[in-house]
Amino acid sequence: MSDPMNVLAPEHRRLRIGDAWRDAAGAATFAVEDPATGKTIAEVADADVVDGLAALDVASKAMAEWAATPPRERSELLTATYRALTERSEEVARLITLEMGKPLAEARGEVAYGAEFFRWFAEEAVRVEGRYNTAPAGGYRILTVPKPVGPCVFVTPWNFPLAMGARKIAPALAAGCTTITKPAAQTPLTMLFLARIMEEAGVPPGVVNVVTTRRAGEVVSALLADRRTRKLSFTGSTEVGRVLLRQAADNVLRTSMELGGNAALIVCADADLDVALDGAMVAKMRNIGESCIAANRVYVEEPVREEFTARFAQRMGALSVGHGLDDGVDVGALIDEASVTKIDELVADAVDRGARVVVGGERPDGPGYFYPPTVLVDVPEDARMLEAEIFGPVAPIISFTSDDEVMAKANDTEHGLAGYVFTRDLQRALRFTEGLETGMVGINRGLISDPSAPFGGVKQSGIGKEGSHEGILEYLDVTYAAIDLP
């Protein structure tokens, strides 16, 4: 097995600020580990507030020139990034697996998905339009001019270390904004590698800055308190999102918040069970279940509950668990000890309240942060896992007998990111689409993420959209001019 760390030289494990790769101001570093072994794989720079503000300084200075760069030039740089990521897909994927834990096949899928954001927004960059029209009452003209909002601060999660950064950086650059990205401390290497690729692709200094740190709270707070910052985009938990929204309010920042989920997956009695099983496996087990849109609660209509449960448990139990870089592995390591402990406690709580484990349910011995694919039945409504975001390979199955009943249960949560419905009845599918309080719904499909579609939630699952044409609008302000013309 070749060493994935060979693709990221030691000098590129430092902060990317302006045109330089530099050590943190205090020369501090922190360790990055392989979650499958618990062993350190690299040391990266541990930035403090001084470093964060230095990144904002260069991003602010680069802003005017980048905003004035012709859209076609910005588009071509994003296209060059897409091509570079595609050409170096295997290198990036192995790095993702090493620091995050997901199986290599999943990491390859993330690289393809992340690269598509650069291709999509390369096309959007040349299609930013204003309008010119006669005022309804006459006498003057209305002119609207879209402008980049300004320097942006991005806080990205560890579960998709490439794609979540790409989903923010690509539209920001397309719109003419400069960026500072603070990746998760568990997975900083992939974002540093992306910064290196974009540097090689020709993106000008100061446009893409990366600040790695374990002191996220103080560094991000300082950036949000600085009036030069004009936009915050965060992907992560609702709890942290609330804190960041309060801080962003002081400077009335534009915000895009993609927060926690508690997705319900609904299998109706009239569903094609083969389609439903395939969709449920994807919706639950994509990214080891460490996804904000993962199926968190599986509701199955009573007439097909027994058959669906047996077949689903069989498929879950057949998945192989191991190091993500090993051949034949379906389920890699979870991100850290805290994640495994949380899942173990949620399963124990459900069992204590009367749930029954059909498959899995016990943490294996040995090194690394592993948990087996697990299916539970007879899960009571007061089980914590029906409210908490599981973020792992555990599926609670709950039966239902009517659409009104399951709709009420599905909506009985503060979250509203995604939902899934499996039915062959078109009218039933449309009723669920309109009735579910979510930003996204998968109908007879377990995979809904697409750069060309607007990704985002309602209620406490977030604000704004990422991807699609809506994605670039999040990085544009509009100036309106009233022009006297009788």
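This is a predicted model: local features need pLDDT of at least 70, side-chain atom pairs count only at pLDDT 80 or more; totals for chains, interfaces and linings use all residues.
The protein has 14 helices and 20 strands. Its radius of gyration is 23 Å, close to the 23 Å that the globule rule gives for 486 residues, so the protein is as compact as a globular protein of that length.

- Helix α5 covers residues 163–175, and its 13 residues reach 19 Å from the first C-alpha to the last, close to the 18 Å expected at 1.5 Å a residue.
- Glycine 176 follows α5 and has a positive phi, near 105°.
- Helix α6 takes in residues 189–201, and at 1.5 Å a residue these 13 residues should span 18 Å; the end C-alpha atoms are 18 Å apart, which agrees.
- The buried residues of α6 are Leu189, Thr190, Met191, Leu192, Phe193, Leu194, Ala195, Ile197 and Met198.
- After α6 comes glycine 202, where phi is positive, near 105°.

**Strand β13 and its partners**

- With strand β12 (residues 263–267), β13 pairs in the parallel sense, over 5 bridges.
- In that pairing, valine 267 stands opposite valine 300 of β13.
- Between β12 and β13 the chain passes through helix α9 (residues 273–285), and this β-α-β crossover is right-handed.
- Strand β16 (residues 394–400) is also parallel to β13, and 4 bridges join the two.
- Here glutamate 301 stands opposite phenylalanine 400 in β16.

- How many disulfides does the count come to? The count comes to 0 disulfides.
- Cysteine 152 is in no disulfide, and the nearest cysteine sulfur, that of cysteine 177, is 4.0 Å away.
- Cysteine 152 is buried, with a relative accessible area of 1%.
- Cysteine 177 is buried as well, with a relative accessible area of 0%.

- Valine 32 lies in strand β3, which covers residues 29–34.
- Is valine 32 buried or exposed? Valine 32 is buried, with a relative accessible area of 1%.
- Leaving aside residues up to four places away in sequence, valine 32 touches Lys39, Thr40, Ile41, Ala42, Val44, Glu99, Ala185, Gln186, Pro188 and Leu189.
- One of these contacts, Leu189, is also among the buried residues of α6.
- Valine 32 and tyrosine 299 are 267 residues apart along the chain, and their C-alpha atoms are separated by 38 Å.

**The protein as a whole**

- Taken along the principal axes, the C-alpha atoms fill a box of roughly 70 × 60 × 40 Å.
- Of the 486 residues, 56% count as buried.
- Among contacts between residues at least 6 apart in sequence, 73% join residues at least 24 apart.

Note on methods:
Residues are numbered from 1 along each chain as its sequence is written. Side-chain values use heavy atoms; hydrogens and water are left out. Two strands pair if DSSP finds at least two bridges between them. A crossover is right-handed if, with the strands pointing away from the viewer, the path from the first strand over the helix to the second runs clockwise. The expected span of a helix is 1.5 Å times one less than its number of residues. Buried means under 20% relative accessible area, exposed over 50%, partly exposed in between (1.4 Å probe, protein chains only). A disulfide is a pair of cysteine sulfur atoms within 2.5 Å. The radius of gyration is taken over C-alpha atoms; the globule rule is 2.2 Å times the number of residues to the power 0.38. Contact means heavy atoms within 4.5 Å.
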